[in-house]
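Hi everyone, thanks for coming.

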Amino acid sequence: MGLLTQLLTLPVAPVRGAVWIARRVVEEAEEEYYDPAPVWRELRELEGRLVRGEIDQETFDRCEDGLLDRLDEIDAYRRGLP
């Protein structure tokens, strides 16, 4: 960028800064949301609850299905699929 361009676009600098911050927030939120580690941790905890007898098989199956669906969603996102 030349000096003249910088001077002419100076009034919109705060907007550019806000847009950049918003993009970074979205990127961080997506990274956290599409992190498979918490889902795997929940699956381990769920299995532990089943083994300890805290939940029955039906509850385990229902919760496991939801967590496996979530892992599929994460995998599809990371592969760039809709």
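I'll talk about a helix pair, then a nonpolar core, and finish with some salt bridges. Keep in mind that this is a predicted model.

Let's start with helix 3, residues 37–51, and helix 4, residues 57–79. Their axes come within 10 Å and cross at roughly 170°. Anything over 145 degrees counts as roughly antiparallel, so that is how helix 3 runs relative to helix 4. On the helix 3 side, the contact includes Val-39, Leu-43 and Leu-46, and on the helix 4 side, Phe-60, Leu-67 and Leu-71 are among the residues involved. Sorted by type, the residues of this contact are 11 nonpolar, 1 polar and 4 charged.

Now, which residues make up the largest nonpolar core? There are 9: Tyr-34, Val-39, Leu-43, Leu-46, Ile-55, Phe-60, Leu-67, Leu-71 and Ile-74. Helix 3 and helix 4 each give two or more residues to this core, and helix 4 has the largest share, with 4. If you click on Tyr-34, you'll find that it touches Ile-74, and also Arg-70, Glu-73, Tyr-77 and Arg-78.

On to the charges: the whole structure has 6 salt bridges. One of them joins Arg-24 and Glu-28, at 3.2 Å from N to O. These two are 4 residues apart in helix 2, so about one helical turn separates them. Together with Glu-27, they are linked in a network of salt bridges.

My last stop is Glu-54, which is partly exposed at 47% relative accessibility. Glu-54 forms a salt bridge with Arg-52 at 2.9 Å, and another with Arg-49 at 3.5 Å. Arg-52 is exposed, at 56%, while Arg-49 is partly exposed, at 36%.

Key:
Residues numbered from 1 in each chain as written. Predicted model: local features only at pLDDT ≥ 70, side-chain atom pairs only at ≥ 80, totals over all residues. Heavy atoms only, no water. Axes fitted to C-alpha atoms, helices over the stretch in contact; angles between N-to-C directions. Parallel < 35°, antiparallel > 145°, perpendicular 65-115°, else oblique. Contact = heavy atoms within 4.5 Å. Nonpolar A, V, L, I, M, F, W, Y, C, P; charged D, E, K, R; others polar. Core = buried A, V, L, I, M, F, W, Y, C linked by side-chain atoms within 4.5 Å. Buried < 20%, exposed > 50% of the residue type's maximum accessible area, 1.4 Å probe, protein only. Salt bridge = Lys/Arg side-chain N within 4 Å of Asp/Glu carboxyl O. Lists of a residue's contacts leave out its neighbours within four places in sequence.
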